[in-house]
Amino acid sequence: MSIQDFFRGRNVLVTGATGFMGKVLIEKLVRSCPDIGKICLLVRHKKGKDTASRIKEILEAKLFDTIKEQKPGLMEEKLFPVLGDMTELRLGLSDEEYGFLVENVSVIFHVAASVRFDEPIRDATIMNVRGTREVVQLAKQMKHLKVLLHVSTAYCNCIRENVEEKVYESPIGWREAISIAENLDPTLSSILTKKFLGSFPNTYTLTKLLAEQIINEERNNIPVVIFRPSIVISSVNDPIKGWIDNFNGPIGLMMACGKGIVRVTYGDKSIVPDYMAVDISIKSMIVAAWHRSKSNLLEMGDDIPVYNSASVSKSVSNKELLDLGMKTLEQYPFDEMLWRPSIKFTTCFYYYYIATIIEQVFPAIFFDAVLDLIGKPHKRLFPLQQKIYVVTMALSYFTTKSWKFENSNFLGLIDKIPDEDRKEFDYDFKDIDITDFIKNATIGSQKYLFNVDESKLPFAKKLLSRFIWMDRILKAFGATILVFVLFYFNIIPRAFLPNLFCCF
């Protein structure tokens with residue numbers, strides 16, 4: 001059975017549909033499997049917006065422009081909102097909606113998760129661990145379940161340097177973790193978080209590992225799959241090039257550099273992190289779910305299918321990634337920036353801290369004061385710098401270390417894609433040109449995150465040219481002042497002056 005035949009007339013439940021990967025997933029399912037049944041989206045109540053409004057809000061993303069042009073009205077026809085909440089028991093579903101899902105859904109993509117690194121342990125556990133338990137309990141009651149695909153993360157085993165495609169033990173049982181979270185006083189949550197984490201850098205990685213334990217325990221009861229993406233970034237080309245809807249990871253850093261807001265970051269420039277394009281991850285997720293549905297429990301034995309969606313050989317170092325981004329930003333600069341785009345890496349915390357104060361915080365305070373003085377409305381830069389610092393420190397564990405992710409299962413799935421499905425679901429990325437990909441990701445981020453007006457490019461280039469000269473003049477002036485001070489106070493003997501000029 002082909003992938004499109006498998007999804008024909010089949011109802012699907014997607015958690016986390018309002019998130020980055022969730023949006024790409026539902027768009028791909030509807031566009032490439034137009035005969036699919038209903039896609040039930042678990043959406044939370046949002047003040048002033050009903051479920052229909054939430055769906056309309058999702059479809060406003062540029063990601064859906066292609067399918068709107070090719071198949072008008074199809075997305076609205078296929079999407080079926082279900083009011084619920086991942087942080088509630090029984091997913092916050094009414095008896096009627098719970099019963100509807102039990103009777104009618106046969107495929108689950110569990111994508112929802114709290115991805116905040118600084119989430120208190122109580123909140124992260126309720127969302128990522130207990131929420132997964134509730135999804136599993138729902139799945140076990142479904143009368144026609146074919147597969148439950150659980151989206152984890154390749155970094156849930158970040159305390160290991162080599163991560164194979166298997167489930168590893170956790171330092172604490174998931175039942176115990178849920179019990180602690182349910183009975184923990186919220187005011188004590190932040191205090192106990194560090195002790196609870198142990199060797200793990202944040203609550204996200206630990207709770208995602210705990211969630212895997214739940215899925216693994218059910219491997220002989222229901223058809224399950226664990227799918228582990230690495231760092232998910234912009235799309236390659238499906239349905240459009242460079243689409244992204246968040247500032248997470250390297251793309252956010254790149255944009256901040258392009259705006260002149262960030263000039264120094266804490267990280268090892270030689271480290272090679274693992275990035276994966278969102279459209280490649282989504283295609284492989286769909287293929288993994290389809291392939292699992294073909295195998296019965298006896299064929300699978302005691303092993304649960306685990307896929308590390310990691311690029312491995314296609315990743316580049318932190319410096320190479322940012323250099324490629326900076327080159328693109330020189331060709332396609334922002335028409336609004338604070339200073340010339342540039343970036344320095346350091347693994348010395350003290351240097352990073354001092355450089356951040358001098359090159360980012362002081363200028364932010366200055367610009368805020370000037371704009372306040374002239375009465376111009378603006379987003380305050382000082383609070384933004386505080387947020388950037390917190391995020392940088394939270395990411396420092398990952399920007400100063402490297403991992404090796406085994407991905408043979410992930411790559412092996414490519415050969416199992418039926419010929420009739422290759423056009424829509426082949427995710428082989430060996431021929432992707434990294435330079436073109438980063439260029440498209442940079443331009444796409446400007447377009448989809450900042451709504452950059454392409455007609456302003458000539459002005460933006462002139463602005464960049466001015467900032468380059470201003471940067472050079474300021475550096476030359478600063479160097480001159482420094483030399484003067486050193487010689488004036490005789491820190492460097494004046495006799496050394498001729499030798500200094502000889503160096504030039």
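## Basis of the values

Because the model is predicted, local features need pLDDT of at least 70 and side-chain atom pairs count only at pLDDT 80 or more, while totals for chains, interfaces and linings use all residues. Residues are numbered from 1 along each chain as its sequence is written, and side-chain values use heavy atoms, with hydrogens and water left out.

## Nonpolar cores

A nonpolar core is taken here as a set of buried Ala, Val, Leu, Ile, Met, Phe, Trp, Tyr and Cys residues joined through side-chain atoms within 4.5 Å, where buried means under 20% relative accessible area, exposed means over 50%, and partly exposed lies in between (1.4 Å probe, protein chains only). The largest such core has 83 residues, and those with the most contacts inside it are Phe-7, Ile-26, Leu-41, Phe-109 and Met-285. Helix H12 (residues 278-293) gives the most to this core, with 9 residues; helices (H or I, at least four residues) and strands (E, at least two) are DSSP runs, numbered from the N terminus.

Not counting residues up to four places away in sequence, Met-285 is in contact (heavy atoms within 4.5 Å) with Met-21, Leu-25, Phe-109, Val-111, Leu-149, Val-151 and Phe-227. Another core, of 39 residues, lies apart from the largest one and has Val-135, Cys-156, Ile-172 and Ile-214 among its members.

## Aromatic pairs and charges over rings

Rings of Phe, Tyr and Trp (its six-membered ring) pair if their centres lie within 6.5 Å, with planes under 30 degrees apart counted as stacked, over 60 as edge-to-face and the rest as tilted; by this rule there are 23 aromatic pairs. The rings of Phe-80 and Phe-100 have centres 5.2 Å apart and planes at 40°, so this pair is tilted. Since Phe-80 lies in strand S3 (residues 79-83) and Phe-100 in helix H6 (residues 95-104), the pair ties together parts that are 20 residues apart in sequence. Phe-80 is partly exposed, at a relative accessible area of 33%, and Phe-100 is likewise partly exposed, at 29%.

A further tilted pair joins Phe-410 and Tyr-427, at 5.1 Å centre to centre and 35° between the planes. Phe-410 belongs to helix H17 (residues 408-412) and Tyr-427 to the loop between helix H18 (422-425) and helix H19 (434-450), 17 residues apart; both Phe-410 and Tyr-427 are buried. A charge is placed over a ring if NZ of Lys or CZ of Arg is within 6 Å of the ring centre and within 35 degrees of the ring normal, and on this basis Arg-90 lies over the face of Tyr-98, at 4.1 Å from the ring centre, while the charged end of Arg-472 sits over the ring of Trp-469, 5.0 Å from its centre.

## Helix H11

Of the 10 residues of helix H11 (residues 249-258), 8 are buried, so this helix is largely enclosed by the rest of the structure. The buried residues of H11 include Pro-250, Met-254 and Cys-257, and they pack against strand S8 (231-233), strand S10 (275-277), helix H14 (318-331) and H19. Just after H11, Gly-260 takes a positive phi of about 80°.

## A position in helix H20

Lys-462 has its place in helix H20 and is exposed, with a relative accessible area of 56%. Between Lys-462 and Ala-355 there are 28 Å in space, C-alpha to C-alpha, and the two are 107 residues apart in sequence.
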